[in-house]
Amino acid sequence: MPLSQALAYLKDNSDRFLAELEAFLRIPSVSTTAEHKDDIARAANWVADNLRAIGARKVAVYPTAGHPVVYGELPATRENAPTVLVYGHYDVQPAEPLELWENPPFEPTVRGERLYARGATDMKGQVMASLKAVEAAAHAGLPVNVKFVIEGEEEIGSPDLAGFIAEHKDLLAADVCLNPDSGMLGADWPTITYALRGLAYFELRVYGPEHDLHSGIYGGVVHNPAQALAELIAGMHDENGRITLPGFYDRVRPLSDEERKALAKLPFDPTAFYLKQTGVPQLWGEPEYTPIERTGARPTLEINGLYSGFIEEGAKTVIPSYAMAKISCRLVPDQDPDEVAGQLKAYLKAHAPATIRWELDVMAGAPASVTDIHTPAVKALAKAMEDTWGTQPFYRREGGSIPVVGQMQQILGLDSVLTGFGLPDGNLHAPNENLHLPTWRKGMEALVRFFFAL
Ligand code: BES
Ligand code: MN
């Protein structure tokens with residue numbers, strides 16, 4: 001049986017697969033800062049080498065205006081097989097603050113059942129799971145055609161990927177995209193994600209006096225830009241946690257009663273989970289929606305960072321000349337990132353006082369996405385998961401964003417099957433990011449079964 005042969009290959013090569021993942025994790029391929037440009041190139045080449053090693057053809061590192069895209073494909077060993085386009089990203093988020101890590105973030109370390117490193121879960125572990133599942137399946141005779149597209153700009157909003165996809169439509173032609181950049185509800189709860197939120201990211205700069213001022217001499221006659229920025233930000237939500245940008249909710253698609261019922265049945269107490277995971281004294285948000293609904297199906301506006309004035313040790317009496325906030329909105333269907341940028345501008349025009357000057361930069365943007373769960377590919381993955389975990393998968397919305405999902409829908413008309421094998425306490429984007437290795441191994445098994453089930 002080719003399936004059992006492939007599964008045996010996974011077991012026999014388990015140590016080598018872990019060693020390969022560790023080597024991949026040692027490359028600090030942070031996409032957002034220029035200082036890691038060489039590491040990004042190294043990571044892209046590393047993926048290309050790994051593709052060659054598992055027998056891929058047409059392996060190439062395609063340059064873009066930003067970071068390169070890696071491609072490779074493996075043909076099925078039978079006629080008329082479907083084609084699966086496997087998506088991944090080799091870039092990672094910055095690891096700072098470094099002092100909060102128990103091991104250096106780019107020195108992968110196993111403690112207990114977990115592997116700790118930046119990118120372990122998001123998503124080098126998932127990229128390796130896909131590569132190694134294909135390697136194992138190919139060892140037994142690959143039942144589907146597989147194409148890999150592994151990019152290096154996901155963590156900065158995939159700004160050059162849409163262009164790459166549009167220029168390589170034939171190369172990327174496929175029946176379904178497998179996207180393992182999501183996660184699981186728990187180690188015993190295999191999960192298929194059917195919706196993601198989108199993103200609109202901004203930098204808002206507020207300028208006051210032409211240079212910092214003595215707060216005694218000028219306090220009372222000059223509007224402090226830090227205060228003006230704080231006032232603007234404070235006005236962006238009302239007392240019920242609703243966003244006040246004009247027209248912000250106009251396109252928000254309401255949840256059906258049926259879906260609300262299904263989401264309420266997920267096997268987990270969201271309030272307890274969010275309290276434990278975050279350590280906050282109390283949750284916050286729109287009272288008429290449950291936490292699961294708020295993170296999956298409601299839009300948000302967040303302050304990601306704030307800067308102004310004197311932030312060193314000690315005290316300095318000063319009116320700063322400048323204040324800045326990084327602001328982002330998570331979007332839901334059918335909100336449009338460009339339209340939301342217009343709404344934020346309209347809010348600022350209406351509310352910014354005449355005492356300051358402001359500038360707004362629009363950074364990343366990606367629409368939300370919803371995928372059909374009644375497709376043959378989703379059924380094949382559900383079956384593969386059930387055979388692996390002994391329990392049917394849960395279907396959930398995720399609050400994170402993966403721009404490629406919408407890009408592939410729009411440019412290729414291609415739907416994605418979203419999954420992943422990281423756990424909710426995997427600390428993505430945070431210190432001590434980690435991968436639960438037993439779940440990772442089950443994930444590889446599920447992917448092998450998926451290829452055969454398709
Ligand atoms: N893997 C995440 C997205 C994700 C997070 C899916 C949690 C499911 C659960 C992805 O790598 C990510 O973090 N994306 C960024 C995208 C943004 C920069 C456009 C995000 O969501 O912040
Ligand atoms: Mn991420």
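Q: Do helix 1 and helix 15 count as roughly parallel or roughly antiparallel?
A: Helix 1 and helix 15 are roughly antiparallel to each other, because helix 1 (residues 2-12) and helix 15 (residues 437-453) pack at about 160 degrees, with their axes 10 Å apart. Angles under 35 degrees count as roughly parallel, over 145 as roughly antiparallel, 65 to 115 as roughly perpendicular and the rest as oblique; axes are lines fitted to C-alpha atoms, for helices over the stretch in contact, and angles run from 0 to 180 degrees between N-to-C directions. Helices (H or I, at least four residues) and strands (E, at least two) are DSSP runs, numbered from the N terminus.
This is a predicted model, in which local features need pLDDT of at least 70 and side-chain atom pairs count only at pLDDT 80 or more, while totals for chains, interfaces and linings use all residues. Residues are numbered from 1 along each chain as its sequence is written, chains are lettered from A and ligands numbered from 1 in the order in which they are written, and side-chain values use heavy atoms, without hydrogens or water.

Q: Which residues of helix 1 and helix 15 meet?
A: With contact meaning heavy atoms within 4.5 Å, Pro-2, Leu-3, Ala-6, Leu-7 and Leu-10 of helix 1 meet Met-444, Glu-445, Val-448, Arg-449 and Phe-452 of helix 15. These residues comprise eight nonpolar, no polar and two charged, where Ala, Val, Leu, Ile, Met, Phe, Trp, Tyr, Cys and Pro count as nonpolar, Asp, Glu, Lys and Arg as charged, and the others, Gly among them, as polar.

Q: How do helix 3 and helix 4 lie against each other?
A: The axes of helix 3 (residues 37-53) and helix 4 come within 10 Å and cross at roughly 15 degrees, and helix 3 and helix 4 are therefore roughly parallel to each other. Trp-46, Asn-50 and Leu-51 of helix 3 form the contact with Met-128, Leu-131 and Lys-132 of helix 4, and by class this contact has four nonpolar, one polar and one charged residues.

Q: Which residues of helix 1 meet helix 2?
A: Helix 1 and helix 2 (residues 14-25) pack at an angle of about 60 degrees, with axes 4 Å apart. Tyr-9, Leu-10, Lys-11 and Asp-12 in helix 1 meet Ser-14, Arg-16 and Phe-17 in helix 2, and these residues divide into three nonpolar, one polar and three charged.

Q: How many residues surround ligand 1?
A: Around ligand 1 there are 15 residues, the closest being Asp-122, Glu-154, Asp-181, Arg-330 and His-429, where a residue counts if one of its heavy atoms lies within 4 Å. An oxygen atom of ligand 1 is 2.8 Å from a side-chain N or O atom of Asp-122, an oxygen atom of ligand 1 is 2.7 Å from a side-chain N or O atom of Glu-154, and a polar side-chain atom of Arg-330 lies 2.8 Å from an oxygen atom of ligand 1.

Q: Where does the backbone take a cis peptide bond or a positive phi?
A: Most residues other than glycine have a negative phi, and most peptide bonds are trans. Here a cis peptide bond joins Glu-96 and Pro-97, with omega about 0 degrees, and Pro-97 lies in the loop between strand 3 (83-89) and strand 4 (109-111). The bond from Asp-122 to Met-123 is cis, with omega near -15 degrees, and Met-123 is in helix 4 (residues 120-140). Ser-158, with phi near 50 degrees, is found in the loop between strand 6 (145-151) and helix 5 (161-167).

Note on methods: Polar contact = N/O pair within 3.5 Å; in protein donor to acceptor, adjacent residues only side chain to side chain.
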